[in-house]
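Let's take a friendly walk through this chain, from its overall build to one of its helices. Have the sequence and the model at hand as you read.

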Amino acid sequence: MDVDTIAAVSTAPGRGAVAIVRVSGPQAVGVLLRLAPELSEAPEARRVTLVELRDPHDGSPLDRALATFFPRPASYTGEDVVELSCHGGSLVPELVMDACVQAGARRADPGEFTRRAYLRGKVDLVQAEAVADLIEARSRALHRAALTQLEQGLSERLGMLRGAIVRIEALLVHHIDFPEEDEPPVPVGVIVEQADLVLAEIDRLLATAPEGELLREGALAVLAGRPNAGKSSLYNALLGEERAIVTEEPGTTRDALVATVALGGFPFRLVDTAGLREAGERVERIGIEVTRRYLERADVVLFCVPGDSPPTEEERVFVRERMGVPVVWVETKSDLVAASTAGAGEPGVACRVRVSTRTGEGLDELRRALPGLVYSGVVAASPDAPVITRRRHRRGLEAARAEVASFRSSLEGGLPAEVAASHLRPAENALEEVVGTIARESVLDAVFAEFCVGK
Ligand SMILES: Nc1nc2c(ncn2[C@@H]2O[C@H](COP(=O)(O)OP(=O)(O)O)[C@@H](O)[C@H]2O)c(=O)[nH]1
Ligand SMILES: [Mg+2]
């Protein structure tokens with residue numbers, strides 16, 4: 001195969017003690033030998049070797065680095081890989097990169113190392129995506145789901161499903177090819193039963209998709225409540241930094257602020273909004289409109305009511321109107337008043353928490369309560385069970401499900417076995433495309449586009 005050799009800085013840019021330049025391809029060792037003329041041959045495999053890196057053109061010194069050679073196929077990409085651990089910062093890694101290019105390597109595209117790993121069968125497509133998730137993960141929950149995918153938990157499950165469909169095809173053969181065979185065909189009822197088992201398993205996986213996709217995106221948690229209720233203070237406290245402006249003047253937060261934060265180990269997109277009330281001023285009115293739009297999409301609402309002033313009728317109506325979305329009644333400024341029962345027993349309230357951003361009271365309780373309100377299914381499921389975290393997976397499973405369902409109804413409806421069976425191959429293909437056993441270029445482009453350079 002005629003492949004070029006690629007190189008990239010695999011560590012994050014910026015100041016850092018060490019940076020790793022990764023080189024992969026048939027010329028990986030050649031590139032190293034041109035950068036480290038003191039070496040006369042490839043260094044020992046998978047052993048760290050101290051080398052002086054020099055500019056391939058004029059021999060001027062670039063850095064002292066540690067070189068590790070991973071011969072194919074036992075490397076990340078399945079090709080010859082050389083990793084150079086050089087000094088970090090903005091200059092040295094770039095100088096080493098330039099030298100690699102002079103020595104014959106090409107700068108890698110985003111995700112190209114993992115794409116090569118996929119093309120050489122080192123990982124399947126679901127595992128490749130898990131690598132991206134692992135890098136992106138900011139919560140332990142996504143971290144865990146990604147690790148399960150990396151360990152092929154999801155791929156194995158999809159493979160088992162495909163195997164079950166192939167077995168159904170085999171059962172049908174008796175109906176199609178050998179009508180005169182001595183062996184009696186398997187009764188239609190038995191085949192339908194098998195199809196039902198496949199459908200049930202697909203449904204079990206699909207049921208994890210809503211929460212699984214939230215694991216990657218973060219559940220939308222919207223802070224709402226009257227102006228001055230303490231929303232922005234709570235937003236800052238949950239983020240652990242001063243992002244929203246806190247003032248004594250009502251109506252300061254006019255735009256919505258959104259930040260991703262892990263709460264109780266699960267990812268949330270926390271939204272601070274303008275206060276809810278009929279506003280006179282135009283800018284504030286727009287802010288309130290924005291708030292309403294966020295509320296419509298919210299996965300959970302943190303409804304803030306200051307403990308030192310009783311809830312109004314409008315506020316109680318507001319909570320009742322949040323049908324289908326869990327509402328946390330957050331009694332704010334708990335340092336100002338003794339415990340109250342406001343919000344208790346209020347219809348629509350999923351739980352009540354008293355918080356104070358002054359004393360920190362209730363903040364941990366709130367953090368712990370939130371995941372259970374949004375991620376209850378995933379929390380309840382065994383932690384290592386595979387979870388559908390991507391639209392791509394869901395679409396593939398839905399396509400497979402539709403085909404198996406058509407197969408089942410055709411067979412039951414008395415259509416000829418070969419007509420019914422025509423749905424099985426597309427079902428298998430849909431599953432294979434998720435795992436990446438078969439892949440269209442456009443699918444690969446979409447999967448690897450979200451990677452960073454060097455992965
Ligand atoms: N005592 C006390 N005051 C608070 C607390 N949280 C917020 N405040 C004050 O309440 C006022 C309004 O807070 P802010 O977060 O801007 O409310 P928002 O309009 O709902 O965003 C500010 O003066 C805050 O200092 C709290 O927990 N205890
Ligand atoms: Mg505010």
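Two residues are in contact if their C-beta atoms, placed from the backbone, lie within 7 Å. Among contacts in the chain between residues at least 6 apart in sequence, 66% join residues at least 24 apart.

This is a predicted model, in which local features need pLDDT of at least 70, side-chain atom pairs count only at pLDDT 80 or more, and totals for chains, interfaces and linings use all residues. Residues are numbered from 1 along each chain as its sequence is written, while chains are lettered from A and ligands numbered from 1 in the order in which they are written.

Of the 455 residues, 43% count as buried (20 or more other C-beta atoms within 10 Å of their own, C-beta atoms being placed from the backbone).

Now to helix α1, residues 28-35: 7 of its 8 residues are buried. The elements covering those buried residues include the following.

| Element | Residues |
|---|---|
| β2 | 18-24 |
| β3 | 49-54 |
| β4 | 61-70 |
| β5 | 81-87 |
| α2 | 92-102 |

Leaving aside neighbours within four places in sequence, Val21 is in contact with residues including Leu84, Cys86 and Pro93.

Technical notes:
A residue is buried if 20 or more other C-beta atoms lie within 10 Å of its own, exposed if 12 or fewer, and partly exposed in between; C-beta atoms are placed from the backbone. Helices (H or I, at least four residues) and strands (E, at least two) are DSSP runs, numbered from the N terminus.
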